[in-house]
Amino acid sequence: MKKIFTYYRLAKEELSKVIFPTKEQIRNASISVVIVVAVITLFLALVDLILSASVSSIL
C-alpha cells in the first residue's frame, strides 16, 4: 500500500513540473496544422490529376 501512495505522490510532483501550452499557442499550432494539411492535399490532388490525365492519354 505504501508503494501506491509513493507512486501517486511522485506522479503529482512530476505533474506540477509540466508546463501546459496557452490558448494562443494551441490556436497557432492548430492553424499551422490546417495550413500544412491543406497545402499537402492540394499538391497530392494536382499530382493525381496529372498522372490520371497522362495514363488516360496513353490508354
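With which residue does Arg9 form a salt bridge, and how far apart are the closest N and O atoms?

Guide: Arg9 forms a salt bridge with Glu13, and their closest N and O atoms are 3.1 Å apart. The model is predicted: local features need pLDDT of at least 70, side-chain atom pairs count only at pLDDT 80 or more, and totals for chains, interfaces and linings use all residues. Residues are numbered from 1 along each chain as its sequence is written, and side-chain values use heavy atoms, with hydrogens and water left out.

A salt bridge here is a side-chain nitrogen of Lys or Arg within 4 Å of a carboxyl oxygen of Asp or Glu. Side chains of opposite charge can pair when their charged atoms come close. Arg9 and Glu13 both lie in helix α1, four residues apart, which is about one turn of the helix. Helices are DSSP runs (H or I, at least four residues), as are strands (E, at least two), numbered from the N terminus. Arg9 counts as partly exposed at 46% relative accessibility, and Glu13 counts as partly exposed at 38%. On this scale buried means under 20% relative accessible area, exposed over 50%, and partly exposed in between, with a 1.4 Å probe and protein chains only.

The whole structure holds two salt bridges. Besides Arg9 and Glu13, the side chains of Lys17 and Glu14 meet at 3.3 Å, N to O. Lys17 is exposed, with a relative accessible area of 57%, while Glu14 is partly exposed at 47%.

Helix α1 covers residues 2-16 and includes Ile4. Accessible areas come from the Shrake-Rupley method with a 1.4 Å probe; for residues, only the protein chains shown count as cover. Tyr7 is exposed at 57%, and Tyr8 is exposed at 56%.

As for the whole chain, the protein has two helices and zero strands. Buried residues make up 0% of its 59 residues. Its C-alpha trace spans about 75 × 30 × 10 Å along the principal axes. The accessible surface comes to about 5,900 Å², and 74% of that belongs to carbon and sulfur atoms.
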